[in-house]
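Thanks for asking me to look this one over.

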Amino acid sequence: MRQAKCLFWVILGLTLAAPLASADDDSQVEAEHDAATDGPLAQDEYYELFQVFADTLEQVERNYVEPISRRELMEAAIEGLLGKLDPYSTYIAPEEISDFRTSVESRFGGVGIQIRWNDDDLTVVTPLVGTPAYLAGLQTGDRIVAIDGQSMAAVAAEFTSIDARVSRAVELLKGTPGSTVDVTFRHADAPAKTVTLTREVVRVATVLGDHRDSVDAWDFMFDDKLKIGYVRITSFSRDTPDELRQALIALTEGGMKGLILDLRFDPGGLLTSAVEVCDMFVADGRIVSTQGRNVRERVWDAHAAHTFDNFPMAVLVNHLSASASEIVAACLQDHDRAVIIGERTWGKGSVQNVIELEHGRSALKLTTASYVRPNGKNIHRFPGADEDDEWGVTPNEGFDVRLSADETRRMLAARAERDVLHTSHAPVLLATADTSEGGPERPESATKPADAEAAPPPTSEGAPPDDPSGNAESDAGPAGAADVQNVAPESAAEPDAGSGADETAPVVESADAASGEGTDGADQPYIDRQFKAALDYLKGKIRQ
């Protein structure tokens, strides 16, 4: 029992010290107030409960039929505790922390390819524009034979699970920027060849356009005749505001008269990024506010400087638009800055604070607040809420356009097709890439990596892409509802950073040819009814 008693005092000491690492002074004051008002009886019960936990842990550790590590037991206890909370409060274990940070930052050390395991072959789905793999000439459909001398056939023999095979390949491809990796690949029926690639920091673009130009950069102008722009945001990462600003500058210089902002399948991301995006389109007034039990209320207001407000907007959303994407849709709707078209959104209106544990080896993602849209209404869908309750973002009257399962499948397939680079226009560099700071020089138009990395089916070197089906979090939210989260070093910090859909391509003259059912084929890409409703709305506004 001595071991159990020691463990009890360690756990209790850590718990009593926890308020000192709270997000702000208000949290500490409130925590101290709660402790003071608990009284001696509550404190005694507190100690007794910890003694029960310590005794249980000690009994399992000593007497369970099979040995189990203390870490496994403690992590199970943490997960059990968080399981009593909402679905967005989670523990991020040491083996998951790297992928979590990659998803937040949308960048990682690697060579820049998206891969899929087809039968017995590891296949390149697409290289990312401007990355080492792109510059070395890897193309869609190439088969990777070996990575750093390790045969993919051997990997296939070692792992029966496709996921395990892909994970092993990703592990071999990723690494510290500046390090090298040998990739042996075969293009079509040509002999296999090996290239030495220098890993670098690969940024996964979150702002995508309609189709690519002659040098593989995104062209954000959907209709050159009517000057209608198209921008799709796949998630809200740290780089999203800068990417969007560059796209808007290009569109404005091109004479844009109307904009479609596509937030469908966007599970969210950083609160600060969502606020910055709203501020680009709204000149004044409230953007969003947050309220919580143990944190002070916070508000974010728009500023007039550098606002893009001289054109009409249509925002596309669906039932998998969540979190940060709902903040943007709600703000633009409440300020009458845009018409919202599509389906009612997911209803994920809570803020997660990410607190580092074990000096950054693991982390706790804890729901600390909920956010309120400019009109004061709620966005979060609480347990038990039905269709008549107030939650999510509902399309404007007359713009509720719901796609069938078949329409959604065709739309996703058409957009995924446009995310893939079928023919690389990059200069082929078969020698080892430059290891100097910043890596090899990039053609100016090819500095942004293609974002196909965000598409659901294939896997890239970065964190596994979010699954639009929502399976990753069951009924908790769209996979990754990469919660409007606050990333905090050890103690909680200011709200800060946390993905994917697809595209349209060659212009269908002023899109008049697109029917509600859409069109398949190379000359006239499939245009879904939500997209067509946005085009019709903007054409009407432009011609007024």
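1. Confidence first. This is a predicted model, and its mean pLDDT is 79, with 73% of the residues at 70 or more. Over residues 12-33 the pLDDT is below 50, and beyond near neighbours in sequence this stretch has 23 contacts in the model. Residues 479-522 also stay under 50, and for them the model has 190 contacts beyond four places in sequence. Please keep in mind that where pLDDT is low, the predicted coordinates should not be read in detail.

2. The nonpolar cores. The largest nonpolar core has 48 residues, and Val231, Leu261 and Phe281 have the most contacts inside it. Another core, of 24 residues, lies apart from it; Leu122, Ala136, Val183 and Leu197 are among its members.

3. Strand S14. How many of the six residues of S14 are buried? Six of the six residues in this strand (residues 228-233) are buried, so S14 is largely enclosed by the rest of the structure. In a regular strand the side chains alternate between the two faces of the sheet. Here Ile228, Tyr230 and Arg232 point one way, while Gly229, Val231 and Ile233 point the other way, and all are buried.

4. The partners of S14. S14 and S15 run parallel and are joined by five bridges, with Ile228 opposite Gly258 of S15. S10 (residues 207-208) pairs with S14 in the antiparallel sense over two bridges, and there Val207 stands opposite Ile233. S13 (residues 221-223) is also antiparallel to S14, again through two bridges; Asp223 has Ile228 as its bridge partner. S13 and S14 form a hairpin with four residues between them, and Lys227 in the turn has a positive phi of about 60°.

5. Strand S16 and its two partners. S16 (residues 286-291) runs antiparallel to S17 (residues 298-301), with four bridges joining them. A hairpin of six residues connects S16 to S17, and Val288 has Trp300 as its bridge partner in S17. S16 is also antiparallel to S21 (residues 362-372), this time through three bridges. In that pairing, Thr290 has Tyr371 as its bridge partner.

6. H10 (residues 324-334) is mostly covered, with 10 of its 11 residues buried. Just after H10, Asp336 takes a positive phi of about 55°. In H3 (residues 70-82), the buried residues are Leu73, Glu75 and Leu82. The 13 residues of H3 should span 18 Å at 1.5 Å a residue, and the end C-alpha atoms are 18 Å apart, which agrees.

7. Which side chain does the side chain of Asp419 meet in a polar contact? Asp419 lies in H11 (residues 405-419) and is buried, with a relative accessible area of 0%. Its side chain makes a polar contact of 3.1 Å with the side chain of Arg232. Arg232 belongs to the face of S14 that also carries Ile228 and Tyr230.

8. Most residues other than glycine have a negative phi, and most peptide bonds are trans. Asp216 has a positive phi, near 75°, and is found in the loop between S11 (211-212) and S12 (218-219). Phe265 also has a positive phi, near 65°, and lies in the loop between S15 (258-262) and H9 (271-281). Asp216 is buried, at 3% relative accessible area, and Phe265 is buried at 8%.

9. Ala250 and Met221. Ala250 lies in H8 (residues 240-253). At 43% relative accessibility, Ala250 counts as partly exposed. Ala250 and Met221 are 29 residues apart in sequence, and their C-alpha atoms are 9.1 Å apart in space.

Conventions: Residues are numbered from 1 along each chain as its sequence is written. This is a predicted model: local features need pLDDT of at least 70, side-chain atom pairs count only at pLDDT 80 or more; totals for chains, interfaces and linings use all residues. Side-chain values use heavy atoms; hydrogens and water are left out. pLDDT is the predictor's confidence in each residue, from 0 to 100. Contact means heavy atoms within 4.5 Å. A nonpolar core is a set of buried Ala, Val, Leu, Ile, Met, Phe, Trp, Tyr and Cys residues joined through side-chain atoms within 4.5 Å. Buried means under 20% relative accessible area, exposed over 50%, partly exposed in between (1.4 Å probe, protein chains only). Two strands pair if DSSP finds at least two bridges between them. The expected span of a helix is 1.5 Å times one less than its number of residues. A polar contact is a pair of N or O atoms within 3.5 Å; within protein, one must be able to donate a hydrogen and the other to accept it, and residues adjacent in sequence count only if both atoms are side-chain atoms.
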